[in-house]
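Me: I have a model open and want to learn how to read it. Can you take me through its features one at a time?

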Amino acid sequence: MTRSLRRLVHLVLFCPLSKGLQNRLPAIKVKYLFLAWLGILVGSWVIYMHYSTYSELCRGHVCHMVICDHYRRGIISGSSCKALCEQNSLSLQRCMSTSPTHQVYGGIWKEKPVIIKCGIEETLRGDGGPDSVLRQEMTLFDKPTRGTSMDEFREMLHNFLKSNLGEQPSLGTLVGRIITLADVNQDGKVSLAEAKSVWALLQVNEFLLMVALQEKEHTPKLLGFCGDLYVTERVGHSSLYRLEVPRYLQPLVPTALSTSLNQWLAPAWPRRARITIGLLEFVEEVFHGSYGSFFMCDASPRHVGYNHKYDCKMADLRSVASEMAVRGFLKGRRCETNLDCTYGKDCTATCDKLVKQCNTEVVQPNLAKVCQLLQEYLLFGAPPDLRQDLEKQLRTCVTLSGLASQMEVHHSLVLNNLKTLLWKKISNTKYS
């Protein structure tokens with residue numbers, strides 16, 4: 001029976017084929033076998049890279065272990081500690097980390113989606129043991145020391161903010177905001193554990209900016225913290241573009257293909273215009289705010305997000321730095337070229353080649369960087385009656401340069417012209 005079945009299959013498969021095709025069949029088999037093996041090889045490589053990258057980037061268990069160990073020993077405190085370490089109602093779920101030292105996870109807390117962030121010291125790669133991790137993390141919570149009074153702690157906070165943000169008339173208000181934030185049990189006092197936690201958090205640039213820009217609508221809301229781990233509202237879309245090709249796949253995916261897919265997946269143009277207006281408002285907010293000026297030192301689409309209403313929300317503030325921090329980095333720095341005078345990715349000042357030292361003024365303003373980012377994003381699918389004016393405004397914006405102190409009026413004029421052009425097009429519509 002089996003032999004008859006084999007003969008039947010042979011007749012069905014091969015008899016209808018021409019003799020020429022039958023003669024070529026071995027070559028065709030070899031070709032498809034090669035393609036199948038190639039597919040298996042590439043697939044195996046992608047799976048290996050994915051899991052090796054995941055294990056390197058996603059180390060939330062280390063964050064959880066360190067934070068909860070410190071909490072149980074009474075070293076730290078925070079509004080999220082019970083939920084994280086006792087009730088297990090706050091957990092690190094979906095890994096979103098892009099750096100081993102900066103852990104980012106999605107989670108649920110109080111029935112709302114949240115983002116959980118914490119840092120891991122690079123030195124933990126020494127012997128890799130849990131005890132060494134705990135010893136290294138102890139240095140995060142070494143200040144203030146026992147016996148520090150509230151007045152001394154206030155002075156500590158004021159001096160720290162002054163060195164990071166500059167002498168601002170509103171620093172007293174910010175100190176008061178931080179004290180209120182640190183007082184987790186709202187008893188009007190700040191315990192040593194509460195003080196250690198908020199002090200460690202202030203060393204995180206993003207956290208400091210979130211507190212300073214708390215009232216701004218384009219900054220994600222801070223929801224809670226425990227030690228140097230903090231919880232923020234989840235931004236629905238954490239990048240301007242929906243398709244992000246992993247680093248290990250970028251050599252295999254042509255840039256033109258990923259660009260075309262992102263254009264196809266992008267929101268409707270009026271919604272992109274709404275997101276752009278929000279981003280321009282954020283640039284306006286940090287240009288000369290209550291606590292000084294801030295520079296966007298990596299204007300990447302991965303740092304700009306938006307919610308379900310298409311309101312712009314900055315998904316990542318780590319690359320935003322205060323003017324004071326940038327000037328402090330550049331002051332007295334030796335250089336050969338302008339590239340030696342770069343803070344972050346693209347906050348670049350000029351190099352004085354006579355004395356071989358960096359000047360302290362950043363040349364390219366935030367607005368020029370943002371407009372460079374928006375050219376491709378905004379011009380694709382733009383209404384025909386608006387495209388020419390929009391292209392002209394963006395071109396003017398991209399070429400902005402010069403010392404910020406000398407171009408404030410020009411900066412504001414270009415920003416307002418661009419905002420007005422976009423707003424006129426979408427106002428009094430369902431997108432406004």
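This is a predicted model: local features need pLDDT of at least 70, side-chain atom pairs count only at pLDDT 80 or more; totals for chains, interfaces and linings use all residues.

Me: How many helices and strands are in the protein chain?

Reply: Helices (H or I, at least four residues) and strands (E, at least two) are DSSP runs, numbered from the N terminus. The protein chain has 15 helices and 12 strands.

Me: What joins β1 to β2?

Reply: Two strands pair if DSSP finds at least two bridges between them. β1 and β2 (residues 102-109) have two bridges and run antiparallel. They form a hairpin with six residues between them.

Me: What is the strand order in the open sheet of five strands?

Reply: The order is β1-β2-β3-β5-β4, and the pairing is antiparallel. β1 (94-95) and β4 (222-226) each have a single partner strand, so they stand at the edges, with one side of each left without a neighbour in the sheet.

Me: How many bridges join β2 to β3?

Reply: Eight bridges join these antiparallel strands. One partner to look up is V114 in β3, which bridges to G107. The hairpin of β2 and β3 has two residues between the strands, and K110 there takes a positive phi near 55°.

Me: Where does K110 lie relative to W109?

Reply: A charge sits over a ring if NZ of Lys or CZ of Arg is within 6 Å of the ring centre and within 35 degrees of the ring normal. K110 lies over the face of W109, at 4.5 Å from the ring centre.

Me: And which way do side chains point along a strand?

Reply: In a regular strand they alternate between the two faces of the sheet.

Me: How many residues of β2 are buried?

Reply: Buried means under 20% relative accessible area, exposed over 50%, and partly exposed in between (1.4 Å probe, protein chains only). In β2, seven of its eight residues are buried. Across the protein chain, buried residues make up 43% of the 432 residues.

Me: Which strands does α9 lie across?

Reply: Axes are lines fitted to C-alpha atoms, for helices over the stretch in contact, and angles run from 0 to 180 degrees between N-to-C directions. Contact means heavy atoms within 4.5 Å. α9 lies across β2, β3 (112-119), β4 and β5, running at about 45° to β5.

Me: How many aromatic pairs does the count come to?

Reply: Rings of Phe, Tyr and Trp (its six-membered ring) pair if their centres lie within 6.5 Å; planes under 30 degrees apart count as stacked, over 60 as edge-to-face and the rest as tilted. By this rule there are five aromatic pairs. Take F207 and Y230: their ring centres are 5.8 Å apart and the planes are at 70°, so this pair is edge-to-face. It links distant parts of the chain, with F207 in helix α9 (residues 205-212) and Y230 in strand β5 (residues 229-233), 23 residues apart. F207 is buried at 0% relative accessible area, and Y230 is buried at 1%.

Me: Why is the pair of Y306 and Y310 stacked?

Reply: The ring centres are 5.7 Å apart and the planes are at 20°, so the pair counts as stacked. Y306 is buried at 0%, and Y310 at 17%.

Me: Which elements do the buried residues of α8 pack against?

Reply: In helix α8 (residues 192-202), 10 of its 11 residues are buried. Among them are W199 and L202. The buried residues pack against α6 (150-165), α7 (171-182), α9, β4 and β5.

Me: Is F141 buried or exposed?

Reply: F141 is buried, with a relative accessible area of 4%. Find F141 in the loop between α5 (130-138) and α6. Leaving aside neighbours within four places in sequence, its contacts include I75, K196 and D228. The C-alpha atoms of F141 and I75 are separated by 7.6 Å, though these residues are 66 apart along the chain.

Me: What happens at the hairpin of β11 and β12?

Reply: Three bridges join β11 (residues 347-352) to β12 (residues 357-362), and the strands run antiparallel. D352 stands opposite Q357. Four residues lie between the strands, and K356 takes a positive phi near 55°.

Key. Residues are numbered from 1 along each chain as its sequence is written. Side-chain values use heavy atoms; hydrogens and water are left out.
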